[in-house]
Amino acid sequence: MKAMKTLDRKAAEILQKMLGLHTTKIDNTDGVYMPVHIEVIERTDRYDHISLAHYGMQNGDAMRDPEMIIALHKESQQFVPYYYRNDYMGMEQYSVKWTEKGILLNRRLQANHTTFANQWLRNIAVQQGIQ
């Protein structure tokens, strides 16, 4: 856990507020901005894995624009961004993988995921009026 970057305090507060809404779709803008979809997709002994995504449509298919997966470390209550996908760009990146043998970590990519998530969560808060 020490080597992985975590969301900064402000971004973590925003994500906690979003989770506290107990909904899978946040859309407070009457179509001005893309709705945000949030869902706990996996629970393990140590982590809850949370999917956060915007979706667009292309040829009738839902397109992630983007999706991030962020792990909540249950003991420390810190959020670890580790997955990024953008279907329009054909991009999918894992910066952390949990295996039976331990954790595989790409430090530079995981730091980039965290930087992006910190800013994206701030943007979502402004766009959706999450205070």
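Predicted model: local features only at pLDDT ≥ 70, side-chain atom pairs only at ≥ 80, totals over all residues.

Biologist: Which residue is the bridge partner of Tyr 84 in S6?

Modeller: Gln 93 is the bridge partner of Tyr 84.

Biologist: And what strand order does the open sheet have?

Modeller: The order is S1-S2-S3-S4-S5-S6. That is an open sheet of 6 strands with antiparallel pairing.

Biologist: Which strands stand at the edges?

Modeller: S1 (25–26) and S6 (91–94). Each has a single partner strand, so one side of each lacks a neighbour in the sheet.

Biologist: What does helix H1 touch when it packs on the sheet?

Modeller: H1, residues 9–20, touches S1, S2, S3, S4 and S5. Its direction makes about 85 degrees with that of S2.

Biologist: And which strands does H2 touch?

Modeller: H2 packs on the sheet too, touching S1, S2, S3, S4, S5 and S6. The direction of H2 makes about 90 degrees with that of S5.

Biologist: Back to the strands. How many bridges pair S2 with S3?

Modeller: S2 and S3 pair over 6 bridges, antiparallel. Val 40 stands opposite Ile 50 in S3. The hairpin from S2 to S3 runs through 3 residues.

Biologist: What about S3 and S4, how many bridges there?

Modeller: 11 bridges, again in the antiparallel sense. Gly 56 stands opposite Met 63 in S4. This pair is a hairpin with 2 residues between the strands. Asn 59, in the turn, has a positive phi of about 50 degrees.

Biologist: Is S3 mostly covered or mostly open?

Modeller: Mostly covered. In S3, 9 of its 12 residues are buried.

Biologist: Now Ala 71. Where is its place?

Modeller: In strand S4, which covers residues 61–73.

Biologist: Why does Ala 71 count as buried?

Modeller: Because its relative accessibility is 0%, and buried means under 20%.

Biologist: What does Ala 71 touch, leaving out residues up to four places away in sequence?

Modeller: Its contacts include Tyr 47, Asp 48 and His 49. Ala 71 also touches Gln 78, Phe 79, Val 80, Tyr 82 and Trp 98.

Biologist: How far apart are Ala 71 and Gly 90?

Modeller: They are 19 residues apart in sequence. In space they are 23 Å apart, C-alpha to C-alpha.

Biologist: Helices now. How many residues has H2, and how far does it reach?

Modeller: H2 (107–128) has 22 residues and reaches 31 Å from its first C-alpha to its last. That is close to the 32 Å expected.

Biologist: Which residues of H2 are buried?

Modeller: Among them are Leu 109, His 113, Ala 117, Trp 120, Leu 121 and Ile 124.

Biologist: At what angle do the axes of H1 and H2 cross?

Modeller: Roughly 50 degrees, and the axes come within 9 Å. That makes H1 oblique to H2. The crossing is left-handed.

Biologist: And which residues in H1 meet H2?

Modeller: Lys 10, Ala 11, Ile 14, Leu 15 and Met 18. Facing them in H2 are Asn 118, Leu 121, Arg 122, Ile 124 and Ala 125.

Biologist: Last one. How do S7 and S8 run?

Modeller: S7 (96–99) and S8 (102–105) run antiparallel, joined by 4 bridges. Lys 97 has Leu 104 in S8 as its bridge partner. S7 and S8 form a hairpin with 2 residues between them.

Terms used
Residues numbered from 1 in each chain as written. Heavy atoms only, no water. Buried < 20%, exposed > 50% of the residue type's maximum accessible area, 1.4 Å probe, protein only. Contact = heavy atoms within 4.5 Å. Expected span 1.5 Å × (residues − 1). Pairing = 2+ DSSP bridges. Axes fitted to C-alpha atoms, helices over the stretch in contact; angles between N-to-C directions. Parallel < 35°, antiparallel > 145°, perpendicular 65-115°, else oblique. Left-handed = near helix turned anticlockwise from the far one by under 90°.
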